[in-house]
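Please find below a colleague's note on the structure.

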Amino acid sequence: MIERSRFRFDGHLLLVWAAPLTITAIFVWIVGGVLLHGLDQLSWSYLVEAPRRAGRQGGIGPILVSTLLIVSVCLAVAIPLALGAALLLAEFVPRRSTGARIVRLSLDVLAGVPSIVFGLFGSAFFCSLLGLRFSILSGGLTLACMILPVLIRTIEQSLRGVPNAYRMGAAALGLTRTRAIVTVLLPVAAPGVLVGVLLGVGRAVAETAALIFTSGYVDRMPSSVLDSGRALSVHIFDLSLNVPGGDAAAYRASIVLLLLLMLINGGMLCIHSLLKRVMGISAQI
Amino acid sequence: MYTQLAETRHGHLGPNLEFPEPPCRPARIDGQARDLLWRVSDLGVHYGRKTVLSSVSIGLPKGKVTAIIGPSGCGKSTFLCCLNRLSDSMEGCCVEGRIMIGSQDIRSPSVDDIALRRRIGYIFQKPNPFPMSIRRNLELPLKAHGVRDAAEIGRRIESSLVAVGLWSEVKDRLNASALHLSGGQQQRLCIARALVLEPEALLMDEPCSALDPIATGVIEDLIHSLRQRLTIVMVTHNLNQAKRVGDEVALFWCRDGFGYLVETGPAQRVFEAPQDELTKLYISGRIC
């Protein structure tokens, strides 16, 4: 009896395993496909050279530089703003006050707005109204607007997650509110803040729609942030849709984008677990 | 209400046993002429519309350990918070009455609450070291209060850790996380963190309630050693602990949802010859 039940077909178990296996299979299929089509011509020179023949040949050097510049502008603007807004919502405004509720509701609505809408907004506001034209700055600022809602909400949640005992402990030691925030609350909330930044960077690096109308298509090396620059995701989009015979190049660029995302994720997770180890909190996500 | 309580908790008491009504007058301050650190008069605390404490008048003598006893929810911790204005950090907390230190009412807006809390430390029920290194936990308050000299910081860290008996246990791992210490060690670190500011007084809110008996014994010995140089006010649920460490005892009680002071005086007198009926019943364990 026991032997039979051990090998009994378990329908529930199959259902439970089916979901993760399907997801993993889809992921492997996509990554495998991309690697299969693009891995053969990937080399160091591809990463540093300028594209030739509309990207069919050559490398993606200027595109990588533009991408990093756009993401840097985006983070340089978004992180301080998000920290400020999250601190206001979590530490200074009563949780159930009308103002805080309106801000939170607006952020949740904004987080669900499609990126193409942010692209059109960026194009109208940053490019036309502020006169920044197609530039890395316009693209970065548009991305900042796009990731701000998610960033603010994640940082707010991680600040709220800081036990009140630390706030009271800091107050009892005669620390001012500002000092308590800077020296106790933010360091304690840092792992959570990092996860928020990670989500934001991931979204920003992989963004296409918001950048087509703001940072432009130009694939030359940008001379400043006011210059137009093509992001990696826009490059892939362009190669696969507008450039006949650009498929192989699109796959190559996709591998680089995937590697870039994994690198950013891996790096952030390392810092995250390091922070937690230093604090003595068991490292886990 | 007391009858009901007694019935439910101590079935052997007859249902008709009547407990005396608690006094509405402010409790008598014993030893008015003694050297008092705090003189509290007519203290009342409200959270929104809810009154938590009412008409508490008490003097807390310098250089002594005052143990505050009483059942849960009678405002002991709230009272403790008022003594260094930690109550200001609690949302919706409104304090009235006078809390004098020397000739100054600490509730006055001209009193710097930051400086006040440097002079009067607070130890919480549950150890709350910050999730940082042991050294950083002790450095943080010093730097916040303007101590910048590295040698001075090192000296103060060592002397406060020695005072709580933690130095020999942690001197080789000051850079390890404070969360890796045991519960008793964490609580002693919290006491060291308060002592590092060289305060005049320590407020302790049930400092041993989250600890095992051995760690409790260590903390009680520590309180004994600190009484020479500090004024200590300690909330405790444990009557034996109040007897062991308290020079003075104050009994708080709860009636109609708000707390008040029943009796206060030297520990020996209160435990051996309580003047109030309620105190008699409480310390004999017939009501709790």
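1. The model is predicted, so local features are given only at pLDDT of at least 70 and side-chain atom pairs only at pLDDT 80 or more, while totals for chains, interfaces and linings use all residues. Residues are numbered from 1 along each chain as its sequence is written, and chains are lettered from A and ligands numbered from 1 in the order in which they are written.

2. The largest nonpolar core has 144 residues, among which A:Cys74 and B:Leu203 touch the most other members. Such a core is a set of buried Ala, Val, Leu, Ile, Met, Phe, Trp, Tyr and Cys residues joined through C-beta atoms within 7 Å; buried denotes 20 or more other C-beta atoms within 10 Å, exposed 12 or fewer, and partly exposed the range in between, with C-beta atoms placed from the backbone. Helix α7 of chain A (residues 136-160) provides the largest share of this core, 13 residues. Beyond its neighbours within four places in sequence, A:Cys74 is in contact (C-beta atoms, placed from the backbone, within 7 Å) with A:Gly140, A:Leu143, A:Ala144, A:Ile147 and A:Ala204.

3. Helix α7(A) also packs against α5(A), residues 98-111: the two axes come within 8 Å and cross at roughly 130°. On the α5(A) side, A:Leu107, A:Leu110 and A:Ala111 meet A:Pro149, A:Val150, A:Ile152 and A:Arg153 of α7(A). These contact residues comprise six nonpolar, no polar and one charged; Ala, Val, Leu, Ile, Met, Phe, Trp, Tyr, Cys and Pro count as nonpolar, Asp, Glu, Lys and Arg as charged, and the others, Gly among them, as polar.

4. Between the chains, 21 residues of chain B are in contact with 19 residues of chain A. On the chain B side, α3 (113-119) and α4 (134-144) each supply at least two residues. That side consists of 12 nonpolar, five polar and four charged residues.

5. B:Asp42, with phi of about 50°, is found in strand β1 of chain B (residues 36-47) and is exposed, with 12 other C-beta atoms within 10 Å. B:Glu198 has phi near 50° and lies in the loop between α7 (183-195) and β7 (201-205) of chain B. B:Glu198 counts as partly exposed, with 16 C-beta neighbours inside 10 Å.

Conventions: Helices (H or I, at least four residues) and strands (E, at least two) are DSSP runs, numbered from the N terminus. Two residues are in contact if their C-beta atoms, placed from the backbone, lie within 7 Å. Axes are lines fitted to C-alpha atoms, for helices over the stretch in contact, and angles run from 0 to 180 degrees between N-to-C directions.
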